[in-house]
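Please keep the sequence and the model in view while reading.

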Amino acid sequence: MSPSNSRVTTPGAPVAERAHTEVAVGILIREDGALLLSSRPEGKPYAGYWEFPGGKLEAGETVEQALRRELDEELGVTIGPAEVWKVTEHDYPHALVRLHWCKVYQWTGDFEMREGQRMAWQQFPLTVTPVLPGAFPVLDWLASERGFEGAVLAQASQG
Ligand SMILES: Nc1nc2c([nH]c(=O)n2[C@@H]2O[C@H](COP(=O)(O)OP(=O)(O)OP(=O)(O)O)[C@@H](O)[C@H]2O)c(=O)[nH]1
């Protein structure tokens, strides 16, 4: 389930054509393996779509710093160590994004949806809908790591 405008890339690869927007994304994984998804707040492109929490890097930030700041701003939690696991790109009409995906197993604080978004802990198949297309490749990798072979989105959430 990888749409043609999504692709895997190599960190540090040369950039051609449109400039990329660099994005840090956190895959928060609970002890039972559940994954945290949140909905995009009103006023943003793709408002209401479900995504992994994160946001754009600011000037001078590393991916880990940006992720720590975004998760504090959006969810009110302080994350433990976060290392980049995968890098993908997605070409949206509004932006060409490069997504730096980090798995996060430790955090402190109570979840607070500070931007009016919703959150859901999800196992495969995901039941939230719709999901941002830029997240599809990573969902496939996470599912295959777990030996989950069915559709990653439950029937009702496939669009
Ligand atoms: N956080 C997040 N962003 C994703 C995912 N998949 C994906 O394609 N994106 C894209 O990455 C970009 C993230 O930008 P954003 O608008 O959420 O970032 P931000 O919070 O810094 O926004 P702002 O400061 O402009 O308000 C968007 O273009 C979004 O469509 C995902 O799973 N999580």
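## Strand pairing

Strand 7 (residues 83-91) and strand 8 run antiparallel and are joined by eight bridges, where strands (E, at least two residues) and helices (H or I, at least four) are DSSP runs numbered from the N terminus, and two strands pair if DSSP finds at least two bridges between them. A hairpin of four residues leads from strand 7 to strand 8, and Lys 86 stands opposite Trp 101 of strand 8. Strand 8 also pairs with strand 2, here in the parallel sense and over eight bridges, with Arg 98 of strand 8 as the bridge partner of Glu 22.

## Basis of the model and overall fold

This is a predicted model, in which local features need pLDDT of at least 70 and side-chain atom pairs count only at pLDDT 80 or more, while totals for chains, interfaces and linings use all residues. Residues are numbered from 1 along each chain as its sequence is written.

The chain holds two helices and ten strands, arranged along the sequence in the pattern β-β-β-β-β-α-β-β-β-β-β-α. Of the contacts in the chain with a separation of 6 or more, 71% are between residues 24 or more positions apart, a contact being two residues with C-beta atoms, placed from the backbone, within 7 Å. UniProt lists residues 20-144 as "domain: Nudix hydrolase" in an unreviewed entry; its positions are given in the numbering used here, feature names are shortened, and annotations may be inferred rather than shown by experiment. This span is 18% helix and 35% strand, and its end C-alpha atoms lie 28 Å apart.

Buried residues make up 29% of the 159 residues in the chain; a residue is buried if 20 or more other C-beta atoms, placed from the backbone, lie within 10 Å of its own, exposed if 12 or fewer, and partly exposed in between. A nonpolar core is a set of buried Ala, Val, Leu, Ile, Met, Phe, Trp, Tyr and Cys residues joined through C-beta atoms within 7 Å. The largest such core has 32 residues, of which Ala 24, Val 25, Leu 67, Ile 79, Cys 102 and Val 104 touch the most other members. Two or more residues of this core come from each of strand 2, strand 3 (35-39), helix 1 (63-75), strand 8 and helix 2 (136-145). Leaving aside residues up to four places away in sequence, Cys 102 touches residues including Ala 24, Val 25, Leu 67 and Trp 85.

In helix 2, the buried residues are Pro 137, Val 138, Leu 139 and Leu 142, and their cover includes strand 1 (6-8), strand 3, strand 7 and strand 8.

## Ligand surroundings

The shell around the ligand has 18 residues, with Glu 51, Gly 54, Gly 55, Lys 56 and Gly 134 coming nearest; a residue is near a molecule if its C-beta atom, placed from the backbone, lies within 6 Å of it. At least two shell residues are supplied by each of strand 2 (21-28), strand 5 (54-56) and strand 8 (96-104), and strand 5 gives the largest share, three residues.

By class, the shell comprises eleven nonpolar, four polar and three charged residues, where Ala, Val, Leu, Ile, Met, Phe, Trp, Tyr, Cys and Pro count as nonpolar, Asp, Glu, Lys and Arg as charged, and the others, Gly among them, as polar.

## An exposed loop residue

Arg 30 lies in the loop between strand 2 and strand 3 and is exposed, because 12 other C-beta atoms lie within 10 Å. Arg 30 and Gln 106 are 76 residues apart in sequence, yet their C-alpha atoms are 8.4 Å apart in space.
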